Amino acid sequence: MSRLLPTQTDAAVERSDNPAVLSLDDDAMRNVIEALSSETAYEIFQLLNETPATPARIAEQLDQSVQNVHYHLTNLESAGVIKVTDTCYSEKGREMSVFVVSEDPTLLFLGTEDDRPSLKRAFKSFASLLGPPSILLAVGESISQFVTGE
């Protein structure tokens, strides 16, 4: 017998080529740092970077309670680093949101709004030497090191 309600999603992690740049004097940067400061939230974010997931699936994979996962998902969504991309249904017919990382990557810039023009010039120079894929990898590694404190 086929199911009337979808129990799985066909959503995928998609990224645009238009990163958001947040600086120290931007309230959004504080929200992102606070949302990712918890080890659990960071693990959730890493998981959602790989594949979209429901709170129940995240809880199962990270060995956390669904309530704890919901708390961190709310914070991450409020900070704008994840979003609801789809809906599917549990075996019992309950509606579940499917979360995924936001489409636009976010660059945390440890400077002020006044420093942005020099940041753009530096990235243009850097891009001409290495190319866009290398820059995205370097930025991702830098953000990862900053968040994990390594």
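## Overview

A residue counts as exposed when its relative accessible area is over 50% and as buried when that area is under 20%. The structure described here is a predicted model. Of the 150 residues of the protein, 31% fall in the buried class.

The secondary structure consists of six helices and four strands. Read from the N terminus, the order of elements is β-α-α-α-α-β-β-β-α-α. The accessible surface amounts to about 9700 Å², and carbon and sulfur atoms account for 50% of that surface. When contacts between residues at least 6 apart in sequence are considered, 63% of them link residues at least 24 apart.

## The nonpolar core

The largest nonpolar core contains 25 residues. Within this core, the residues with the most contacts are V32, I44, L48, I58, L73, L76 and I82. At least two core residues come from each of α1, α2, α3 (55–62), α4 (66–79) and β3 (95–101). Helix α2 makes the greatest contribution, six residues.

I82 is one of the residues with the most contacts inside the core. With neighbours up to four places away in sequence set aside, the contacts of I82 are F45, L48, L73, L76, E77, F99, V100, V101 and S102.

## Helix α2

Helix α2 covers residues 39–50, twelve in number, and at 1.5 Å a residue it should span 16 Å.

The buried residues of α2 are T40, A41, Y42, I44, F45, L47 and L48. T40 belongs to this set because its relative accessibility is 13%, below the 20% limit. Apart from neighbours within four places in sequence, T40 is in contact with L62, Q64, N68 and H72.

In α3 the buried residues are P55, I58, A59 and L62. They lie on the same side of the helix, because the arc they cover around the axis is only 100°. An α-helix has 3.6 residues a turn, so residues three or four places apart point the same way. The buried residues of α3 pack against α2, α4 and β3.

D63 follows α3 and sits in the loop between α3 and α4. Its phi is near 55°, a positive value in a residue that is not glycine.

## M29 in helix α1

M29 is located in helix α1, which comprises residues 27–36. M29 counts as buried because its relative accessible area is 2%, and the limit for that class is 20%.

Leaving out residues up to four places away in sequence, M29 touches L22, S23, L24, L108, F109 and L110. Along the chain M29 and L110 are 81 residues apart, while their C-alpha atoms are separated by 9.6 Å.

Definitions and conventions:
Residues are numbered from 1 along each chain as its sequence is written. This is a predicted model: local features need pLDDT of at least 70, side-chain atom pairs count only at pLDDT 80 or more; totals for chains, interfaces and linings use all residues. Side-chain values use heavy atoms; hydrogens and water are left out. The expected span of a helix is 1.5 Å times one less than its number of residues. Buried means under 20% relative accessible area, exposed over 50%, partly exposed in between (1.4 Å probe, protein chains only). Contact means heavy atoms within 4.5 Å. Accessible areas come from the Shrake-Rupley method with a 1.4 Å probe; for residues, only the protein chains shown count as cover. A nonpolar core is a set of buried Ala, Val, Leu, Ile, Met, Phe, Trp, Tyr and Cys residues joined through side-chain atoms within 4.5 Å. The arc is that of the directions from the helix axis to the C-beta atoms.
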